[in-house]
Amino acid sequence: MKFLIVFVALFAVALAAPAGQEAEILRSESDVGPESFKYDWETSDGQAAQAAGELKNVGSENEALAVRGSYRFVGDDGVTYEVTYIADENGFQPQGAHLPVAPEA
């Protein structure tokens, strides 16, 4: 009986919850090759991303992927956040107005 009460309560909560609005794809482009790639997309809910990458030092033991890009999203607080980044042999290096910055050494 307890199981039935819990099940009915959860079912009622699920029905009462507002239906989430699904985002539509406004733009989506990509180009992938053997030594490079790029993509760019945007959705109706304010999300977007773009990146381009290429393989550096092809054929050597120091081969590395270098990527430059950005992404944007609307947070739970309603604020739009944007991050630009570089990701290469030196690691992931993000930048954004909302991200903390290390003090100068």
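This report covers the salt bridges, a glycine in a loop and the aromatic rings of a predicted model.

## Ground rules

Local features in this predicted model need pLDDT of at least 70, side-chain atom pairs count only at pLDDT 80 or more, and totals for chains, interfaces and linings use all residues. Residues are numbered from 1 along each chain as its sequence is written, and side-chain values use heavy atoms, with hydrogens and water left out.

## Salt bridges

Side chains of opposite charge can pair when their charged atoms come close. A salt bridge here is a side-chain nitrogen of Lys or Arg within 4 Å of a carboxyl oxygen of Asp or Glu. The whole structure holds 4 of them.

One joins Arg 27 and Glu 42, with the closest N and O atoms 2.9 Å apart. This pair links distant parts of the chain. Arg 27 sits in strand 1 (residues 25-32), and Glu 42 sits in strand 2 (residues 36-43), 15 residues away. Strands (E, at least two residues) and helices (H or I, at least four) are DSSP runs, numbered from the N terminus.

## A linked network

Glu 42 also bridges to Arg 72, where the closest N and O atoms are 3.2 Å apart. Arg 72 belongs to strand 4 (residues 64-74) and Glu 42 to strand 2, so the pair ties together parts 30 residues apart in sequence. Arg 27, Asp 40, Glu 42 and Arg 72 are linked in a network of salt bridges.

How accessible are these side chains? Arg 27 has a relative accessible area of 28%, Glu 42 has 23% and Arg 72 has 26%. The scale is simple: buried means under 20% relative accessible area, exposed means over 50%, and partly exposed lies in between (1.4 Å probe, protein chains only).

## Another bridge

Glu 54 and Lys 56 form a salt bridge too, with their closest N and O atoms 3.5 Å apart. Glu 54 is partly exposed at 40%. Lys 56 is partly exposed at 36%.

## A glycine in a loop

Where is Gly 46? Gly 46 lies in the loop between strand 2 and strand 3 (48-56). Its relative accessible area is 21%, so Gly 46 is partly exposed.

Gly 46 touches Arg 72, Phe 73 and Val 74, leaving aside residues up to four places away in sequence. Contact means heavy atoms within 4.5 Å. Gly 46 and Ala 23 are 23 residues apart in sequence, and their C-alpha atoms are 8.8 Å apart in space.

## Aromatic rings

The structure holds 4 aromatic pairs. Rings of Phe, Tyr and Trp (its six-membered ring) pair if their centres lie within 6.5 Å. Planes under 30 degrees apart are stacked, over 60 edge-to-face, and the rest tilted.

The pair Tyr 71 and Tyr 85 has ring centres 6.3 Å apart and planes at 45 degrees, so it is tilted. Tyr 71 lies in strand 4 and Tyr 85 in strand 5 (residues 80-88), so this pair ties together parts 14 residues apart in sequence. Is Tyr 85 buried or exposed? Tyr 85 is buried, at 13%, whereas Tyr 71 is partly exposed, at 32%. Tyr 85 also pairs with Phe 92: the centres are 5.4 Å apart and the planes are at 40 degrees, so this pair is tilted. Phe 92 is in strand 6 (residues 91-95). Tyr 71, Tyr 85 and Phe 92 form one aromatic cluster.
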